[in-house]
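Student: I have a structure to go through. Can we take it piece by piece?

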Amino acid sequence: MKLSKELYAIASSIAHETDGFFDTKGPGAGNLSTNQFIDLVRSRAEQAFGEDYSEQKICGDN
């Protein structure tokens with residue numbers, strides 16, 4: 001499976017495992033929830049891929 005598809009599967013799995021993930025939370029609580037989600041995606045992706053790709057440049061300075 002391509003890494004992008006595997007990353008999507010990881011993120012989707014986390015979203016569906018998380019109670020209230022799709023609920024609107026508003027400022028503050030929403031930011032906290034987003035940060036927790038991203039941290040968990042990064043952690044699981046790094047475990048799955050054996051490397052942290054989260055801050056890789058993909059095109060020039062991007």
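Student: Phe22, buried or exposed?
Tutor: Phe22 is exposed, with a relative accessible area of 60%. Buried means under 20%, exposed over 50% and partly exposed in between, with a 1.4 Å probe and protein chains only. This is a predicted model, where local features need pLDDT of at least 70, side-chain atom pairs count only at pLDDT 80 or more, and totals for chains, interfaces and linings use all residues. Residues are numbered from 1 along each chain as its sequence is written, and side-chain values use heavy atoms, with hydrogens and water left out.

Student: And what about Phe21?
Tutor: Phe21 is partly exposed, at 24%.

Student: How many aromatic pairs are there?
Tutor: The whole structure has three. Rings of Phe, Tyr and Trp (its six-membered ring) pair if their centres lie within 6.5 Å; planes under 30 degrees apart are stacked, over 60 edge-to-face and the rest tilted. Phe21 and Phe22 are an edge-to-face pair, 4.9 Å centre to centre with 85° between the planes.

Student: Why is the pair of Phe49 and Tyr53 edge-to-face?
Tutor: Because their planes are at 65°, with the ring centres 6.1 Å apart. Phe49 is buried at 19%, whereas Tyr53 is partly exposed at 38%.

Student: New topic. Which residues make up the largest nonpolar core?
Tutor: Seven residues: Ile10, Ile14, Ala15, Phe37, Val41, Ala45 and Phe49. Such a core is a set of buried Ala, Val, Leu, Ile, Met, Phe, Trp, Tyr and Cys residues joined through side-chain atoms within 4.5 Å.

Student: What is Ile14 in contact with?
Tutor: Leaving aside neighbours within four places in sequence, Ile14 is in contact with Phe37, Leu40, Val41 and Arg44. Contact means heavy atoms within 4.5 Å.
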